[in-house]
Amino acid sequence: MPPGRPPAPPRPGSAPRRPLVVASNRGPVQFEVSEDGSIEHARGGGGLVTGLTGALSSAGGLWVAAAMTDGDRHAAEHAAGDMEIADEDAKYRVRYLTPEAERFDRYYNVVSNRVLWFIHHYLFDAPRTPRFGRAVRAAWDDYVAVNREFADALAEEPGEPAFLVQDYHLSLAPLMLRESRPDALVAHFSHTPFAGPDYFRILPQAMGDAVLRGMLGADVLGFHCDDWAENFLLCCRHVEGARVDLRRRRVEIDGRSVAVRTYPIAIDAPALRRQATSPAVRRARRELVRWKGDAQMILRVDRTDLSKNILRGFLAYETLLNEHPRMRGRVRFLALLNPSRRAIPEYRAYTRDCLRAAERINAELGTPDWQPVTVVVRDDIDRAVAAYSLSDVLLVNPVFDGMNLVAMEGPTVNRADGVLVLSRNAGADALLGRHALSVNPFDVQETAEAMYEALHMRADERHRRAAGLRRAIGANPPVRWVGSQLADLERAAAARAS
């Protein structure tokens, strides 16, 4: 290689060429204290954990996260430093930060989950909320402090690693890290949508400006789809001193160039298929086959999150049954709901509204031999995987969603050529929409009509669409999601060195 020429960036999916440091609010493993006082851990699932732990294992490095549970805190205090995690297919270090409990609560439950999550998913009831005042500004100070704690922990890592900072919880960390390590190579990835500029300006100006400038501290910014990347760029047009190039997807600021890219996240399809053959899933499948009988099944699998649009899904199903009475007794709706953010009043109220709607539909339309809607509120991944395999229709209708992995998980293990009814406002629609029935998530009538079409679709059309979904999902493994970001970081490093 000629002297002075920087190394070529790695191909997406190839082994990283430098150590990695990952930062996220929730860690890759969750610790629990067993009855005998020993500390045990379970690995998290999904493409994020699979891709990042695989890259960490091959390149070496560290995952920095917040202690989310008492078990996490106990493990962090017991270790008094980094812990080595050795899974069957990965080995890496993890460090859990332990912010003071009340500070963490305000950073997490007030700012992250009741302000930033609501902004990016367009969830505010604008005539009534939000109402920013002294309490939110005090909570913002805690959000800044926890981001500072993360940035300081990252800055301690020696050498020249690639820093991969995850999500809206850590919007400020890239710039904070840049201030202490000006030459750091930093990527930030947003797993949520990103609000357009008009809605983003709901935030107090100082808060919104800090979020944008904080993210722009990175060299590479990643989003799940083009819409969210474009929204971010449009928001940056209001940042003083920033020059936005929409065509090239770059922002020039403070003498640096920030690349804005899309990297659709993937699921660990092989692991999901292995789980689908487990004894627990087979038992759950037998139970569901008996419950389903000869009826067709509409399925939804969701957290009880405001963004998931559960209530309108029930109302669309009610519309279907009212407009097509002959469907009564011939179809069942199974809603598997995982409790989410029960500390937040809006979430508790929304869950109650969803349950009441299901109860009303059952009372008004059900018969002694047929219950239209069955709702299960608990975390039961084995039942969810079993239901995926049997569903005739999978309803995924979030109001807005960064990606939505349910839209990928269901078709991966489905055995019935099930049809995907998918919100146009889910990031997954860019990847899967041409193989699904896309709907406006706010249009109950359109969603009802899409479910009816799915239930009556010809077998050859169902098969064609199901095969297309599997191909699209399989073409985007987790290693590509991680590798593409690392390749762009290396390009940024090469440009900086040239």
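The following legends describe close-up views of a predicted model. Local features require pLDDT of at least 70 and side-chain atom pairs count only at pLDDT 80 or more, whereas totals for chains, interfaces and linings use all residues. Residues are numbered from 1 along each chain as its sequence is written, and side-chain values use heavy atoms, with hydrogens and water left out.

View A. Ten strands form an open sheet of mixed pairing, in the order 5-6-4-1-7-8-9-12-11-10. Strands (E, at least two residues) and helices (H or I, at least four residues) are DSSP runs numbered from the N terminus, and two strands pair if DSSP finds at least two bridges between them. Strand 5 (83-86) and strand 10 (243-245) are the edge strands, each pairing on one side only. From one strand to the next, the twist averages 20°.

**View B. Strand 5 and helices on the sheet.** Strand 5 and strand 6 (residues 91-97) run antiparallel and are joined by four bridges; K91 in strand 6 is the bridge partner of A86. Helix 2 (residues 70-79) packs on the sheet, where it touches strand 4 (61-66), strand 5 and strand 6; contact means heavy atoms within 4.5 Å. The direction of helix 2 makes about 120° with that of strand 5. Angles run from 0 to 180 degrees between N-to-C directions, and axes are lines fitted to C-alpha atoms, for helices over the stretch in contact. Helix 8 (residues 226-236) also packs on the sheet, touching strand 9 (220-223), strand 10, strand 11 (250-253) and strand 12 (256-262), and its direction makes about 150° with that of strand 12.

View C. Five of the five residues of strand 7 (residues 162-166) are buried, that is, under 20% relative accessible area (1.4 Å probe, protein chains only). In a regular strand the side chains alternate between the two faces of the sheet. Here A162, L164 and Q166 point one way, while F163 and V165 point the other way. Strand 1 (residues 20-24) runs parallel to strand 7 and is joined to it by four bridges, with V22 and L164 as bridge partners. Strand 7 is also parallel to strand 8 (residues 185-189), through five bridges, and V165 stands opposite H188.

**View D. Packing of helix 3 on helix 12.** Helix 3 (residues 101-120) and helix 12 (residues 345-365) pack at an angle of about 65°, with their axes 10 Å apart. R114, W117 and F118 in helix 3 meet P345, E346 and Y347 in helix 12.

Notes. Buried < 20%, exposed > 50% of the residue type's maximum accessible area, 1.4 Å probe, protein only.
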